[in-house]
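Open the model in your viewer and keep the selection tool at hand. This tour goes from one stop to the next.

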Amino acid sequence: MNILGPECLVFGVNDIDACCTYLTDYGLVPVMVSEHGGRFEALDGTAIEVRSADAHHLPPSLGTASMLRKTIYGVADQSTLEQIACELRKDREVRELEDGSLECLDDMGFALGFQVSKRRQLNLPSEGINAPGALAQRGPNVLGVKDASDLTPRSLSHVVYFVPDAARAEAFYVERLGFRCTDRFVGVGPFLQPAGTQDHHTLFLIQTPPFMKGCEHFTFHMGGPTEVMQAGTRFVEKGYQSFWGPGRHRFGSNWFWYFNSPLGCHVEYDADMDLHDDAWKPRAAEMGADASQLFLFQHREKWAPGGPPPGANGTDKPA
């Protein structure tokens, strides 16, 4: 099944104003925002939607603290949509909505949507590096750092679920929807890739107790590591709390920076994820700090040589 990846995540939230401000400050573009919520888009049109938690048209909550109500996947064509409907109607209700999209529940109770993809094709440069022994990716007088860089996220990258039965959840996505495991944390869960993308993963499943079921985090792809650092620094300067990062993961190799959010989950910036095709053999590792990241930085306020070194005043901040 030619599923491309997540196209939109829909949240039912308690504080619409805080969530709308957060997503705008994160860098997404507000679309049709009102006191009832709104849509916040990346450059390719993939998005986050927020609505009031009691909005009648939303799928029911998961019965936990999670505010995620629906994950909408983009598919390549109408034929794929029909394949999904035929397969999933074997054992569950699959509703066809007025816009032609499908809606159902997965085996863990997460609401899923499927629609022919509406994402816009991007034609943008990536971050270029210059290294001895390799052809220059930036020619003479082309700067690698720009203070006025556009830090709008490019595309919705992936979503991470807390699930009470990771093996059963994995079986649904692999056996029913054609996802495949690219890597795995033993006893924790798999990184999963749908057939329509080569991204290392668009879904990661983490085994947790039932009361934790929900969305752990979502993330958007940025144009490169520098954009992750710039966007994260901007976010910190706006007063948002860094949760984890910046750093670089081992599985997927993507750069990351996670933040707390009012959406009931963490929100990440990422960049430079590995691509895999059918020749890739999945790895497995025990979960741990060394397996989770290649390296990890700690954000500090800016400092210039000549002043007291960072931390000299007995704190984690420069004097």
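Which residues lie nearest the centre of the largest pocket? Select L122, R154, S155, D199 and H221. Keep in mind that this is a predicted model.

Now show the whole lining of this largest pocket, which takes in 32 residues. Two elements each give two or more residues to that lining: β1 (3–13) and β9 (155–163). Colour the lining by residue type. You get 11 nonpolar, 14 polar and seven charged residues. The volume of the largest pocket is about 800 Å³.

Next, turn to the aromatic rings. The whole structure holds 25 aromatic pairs. Pick Y26 and F235. Their ring centres are 5.9 Å apart and their planes stand at 70°, which is over the cut-off of 60 degrees, so this pair counts as edge-to-face. Where do Y26 and F235 sit? Y26 is in helix α1 (residues 16–26), and F235 is in helix α4 (residues 225–237). The pair therefore ties together parts 209 residues apart in sequence. Are these residues buried or exposed? Y26 has a relative accessible area of 0%, so Y26 is buried. F235 is also buried, with a relative accessible area of 0%.

Move on to F218 and F220. They form another edge-to-face pair, with 6.2 Å from centre to centre and 80° between the planes. Both F218 and F220 are buried.

For the last stop, select F11, Y22, Y26, F218, F220, F235, Y240, W257, F259 and Y269 together. These residues form one aromatic cluster.

Methods. Residues are numbered from 1 along each chain as its sequence is written. This is a predicted model: local features need pLDDT of at least 70, side-chain atom pairs count only at pLDDT 80 or more; totals for chains, interfaces and linings use all residues. Side-chain values use heavy atoms; hydrogens and water are left out. On a 1 Å grid over the protein atoms alone, a cavity is a set of points where a 1.4 Å probe fits but cannot get out, and a pocket is an open set with protein on both sides within 12 Å along at least five of seven lines; lining residues have an atom within 4 Å of a point. Grid points are joined across faces, edges and corners, and a volume is the space filled by probe spheres set on the points. Helices (H or I, at least four residues) and strands (E, at least two) are DSSP runs, numbered from the N terminus. Ala, Val, Leu, Ile, Met, Phe, Trp, Tyr, Cys and Pro count as nonpolar, Asp, Glu, Lys and Arg as charged, and the others, Gly among them, as polar. Rings of Phe, Tyr and Trp (its six-membered ring) pair if their centres lie within 6.5 Å; planes under 30 degrees apart count as stacked, over 60 as edge-to-face and the rest as tilted. Buried means under 20% relative accessible area, exposed over 50%, partly exposed in between (1.4 Å probe, protein chains only).
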